[in-house]
Amino acid sequence: MNAATVLIGGAGLAVLVWVLAKLGRAFAAIAETLAALAFLGLALWGLVRVGGWIVRQLATHWRTCLALLALGAWWRWLGWPSLAVTAGSVGLVALVWRSGWPVGFEQWCGRWVRAWWLRWAVYGRKLPGWLHACGLTVRDEAIPVDVTVNLVSRRRKREAVAQSRRDAGVAFPRVLRVRSGPSWDEVRVRLVPGQTPEDFGEATRALATARRVTRVQVREISPDVVSVDFMRRDLLASAVSCLPLPDVAEASAVDLRRVFAGSTEYGTAWRLPLLGGGAHILVAGASGAGKNSVMWSPLVSAAPAIRSGLVRVSGVDPKGMELAYGRGIFCRYAVSGKEALEVLEALRDELERRKRAFAGQTREVPLSQEFPLELLEFDELAALTRYTDRKTRDAITEHVSVLNTQGRAALISVRGYVQDPTKETVPVRELFTRRVCLRVTSKSQVSMVLGDGAYERGAWANRIPESTPGVGYVWGEGIREPLRVRAGWVSDATVKALENYVTNGGAQVIDLAQNRCDSNGKGAA
Ligand SMILES: Nc1ncnc2c1ncn2[C@@H]1O[C@H](COP(=O)(O)OP(=O)(O)OP(=O)(O)O)[C@@H](O)[C@H]1O
């Protein structure tokens, strides 16, 4: 190897090193640019997501956002001491208001603050999980997987990915609004395609368990919106009073189509018709369930009308105890099967008389003292429709059927009370237009009284505790979801006062011997 070869080799090597150095620098510049671009892209992506989140929050929680903005502005321009003093004063005023005037506080402030807080702390955060666990979400493969990668820690990252996988393709009903009353929270949710309000209705038990409350009610607001109501406090836990008997001088007109019977679980008045559609009522409940308060409470409310002769009450009392206590209230009264037949025949005669008098003139007999509302209170219906001799049983069943099917327009209403609501015991069960299910002994009895699906929709009458007599459920006839009610409690003294009131202290004499009404000739049995 001569010197020239060494020189050429050295020069070539130098050129190669130079080219490599240039290439390296170019690659480094490219890599640097790419890294900068990637960083910029990630930062932009992050900014877009944060911006999207802020816009979403502004749209969905605009009140909270505005309040936070106002607080932030206050802090920034007026300083935190004035903010703290103002917040403390407002809190103090609220405390005084709450303890001194709880009703006003609840109406104007408490419920709004509680609804806001519950939305943030409970329903907004936890409801989606409860709905998912109760099978109230829809798996949709078309929904894209939204993986949230958390760069903070590996564990969190793994959890986030696992959660995203679990939720992948799952559509959640959206919480639209939270309202909070003294005893109920109402959470409106928008259903996702594929769901029906009935799906929610059937999951009430599971939802109640998830929220750890004893009762959940689902109400259909519109085809795709339901209100899931959670009961925080039971307004029917203590006895409900019946209406006071009005002063005789002040006896007001009674709306016989909406007579006060007790209270609903929402704290509103529970009203029952004694006249017109829905007035034939069957009340079912085990022994001691409080059937008699469902009978007496509306009678107390209708006392002025009974007293003035616009309502004529007949009673069938196989036990010979319950109605006998207010015997004077009843224009016709029966204990045995034979007497019951006489009462029913008298009502059938009255029905025929009214039909003859008004046929072709009117579609409903106008209420008057000559043609008053005939109200039959039939206690222990089963005692005479099942547990008597066959002939009497058949005749009673036939009369009750005719009165139930033809009585409405002739102003004749039948109200029956049973312990056992089976078809064998009450063959005319279906002819009662409205049913009330008090505490019963089995789940199957709930559907026998209120109809199929009543239990699943929330009428849990077999779970009513024995300690709350008078509590029951009503459903159907304009009531879309099973409604829990409690009849007004009527004490023995009130029954006596009612008797005294409607008989004008005994002046309106009822001839017990002949089982006949007073001198106005108000029917005979
Ligand atoms: N609405 C009510 N509120 C509070 N207590 C009530 C109510 N209704 C009834 N009670 C009480 O519950 C008990 C049983 O009531 P009730 O006699 O009406 O039951 P029932 O269903 O008629 O039973 P049975 O079929 O055995 O006669 C009574 O002591 C009564 O005072």
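Here are some questions and answers on a predicted model, from its ligand shell out to its strands and helices.

Q: Which helix and which strand each supply at least two residues of the shell around the ligand?
A: The ligand has 15 residues around it, and the closest are Gly290, Asn292, Ser293, Pro469 and Gly470. Sorted by class, that shell holds five nonpolar, eight polar and two charged residues. The elements that each give at least two residues to the shell are α8 (291–301) and β17 (479–489).

Q: Is Gly290 buried or exposed?
A: Gly290 sits in the loop between β10 and α8. Beyond its neighbours within four places in sequence, its contacts are Gly285, Leu438, Pro469, Gly470 and Ala487. The cut-off for a buried residue is 20 or more other C-beta atoms within 10 Å. Gly290 has 24 such neighbours inside 10 Å, so it counts as buried.

Q: With which residues is Ala286 in contact, leaving aside its neighbours within four places in sequence?
A: An unreviewed UniProt entry lists a "binding site" at several positions, Ala286 among them. Ala286 is in the loop between β10 (281–284) and α8, and it counts as buried because it has 20 C-beta neighbours inside 10 Å. Leaving out the neighbours within four places in sequence, its contacts are Gln419, Arg439, Val440 and Thr441.

Q: How many residues of strand β14 are buried?
A: Side chains in a regular strand alternate between the two faces of the sheet. In β14, Ile412, Val414, Gly416 and Val418 point one way, while Ser413, Arg415 and Tyr417 point the other way, and all are buried. The strand is therefore largely enclosed by the rest of the structure, with the buried count at seven of the seven.

Q: Which residue stands opposite Arg415 in β14?
A: β14 pairs with β10 in the parallel sense over four bridges, and there Ala284 stands opposite Val418. Strand β13 (residues 373–378) also runs parallel to β14, joined by five bridges. In β14, Arg415 has as its opposite number Glu377.

Q: What is the bridge partner of Gly262 in β17?
A: Strand β8 (residues 259–264) pairs antiparallel with β9 (residues 269–272) over four bridges, with Val259 opposite Leu272. β8 is also joined to β17 by three bridges, again antiparallel. Within β17, the partner of Gly262 is Ala487.

Q: Which residue in the turn of the β8 and β9 hairpin has a positive phi?
A: β8 and β9 pair in the antiparallel sense. The hairpin they form leaves four residues between the strands, and the one with a positive phi, about 85°, is Gly267.

Q: Why are the buried residues of α7 on the same side of the helix?
A: The buried residues in helix α7 (residues 204–211) are Thr204, Leu207 and Arg211. They share a side of α7 because they cover an arc around the axis of only 60°.

Q: Against which elements do the buried residues of α7 pack?
A: Thr204, Leu207 and Arg211 are buried in α7, and just after this helix Arg212 takes a positive phi of about 60°. The packing partners of the buried residues are α4 (102–133), α6 (197–202), β5 (216–222) and β6 (225–231).

Q: How far apart are the end C-alpha atoms of residues 36–56?
A: The unreviewed UniProt entry lists residues 36–56 and 77–97 as "transmembrane region". Residues 36–56 are 100% helix and 0% strand, and their end C-alpha atoms lie apart by 30 Å.

Key. Residues are numbered from 1 along each chain as its sequence is written. This is a predicted model: local features need pLDDT of at least 70, side-chain atom pairs count only at pLDDT 80 or more; totals for chains, interfaces and linings use all residues. A residue is near a molecule or strand if its C-beta atom, placed from the backbone, lies within 6 Å of it. Ala, Val, Leu, Ile, Met, Phe, Trp, Tyr, Cys and Pro count as nonpolar, Asp, Glu, Lys and Arg as charged, and the others, Gly among them, as polar. UniProt positions are given in the numbering used here, feature names are shortened, and annotations may be inferred rather than shown by experiment. Two strands pair if DSSP finds at least two bridges between them. A residue is buried if 20 or more other C-beta atoms lie within 10 Å of its own, exposed if 12 or fewer, and partly exposed in between; C-beta atoms are placed from the backbone. The arc is that of the directions from the helix axis to the C-beta atoms. Two residues are in contact if their C-beta atoms, placed from the backbone, lie within 7 Å.
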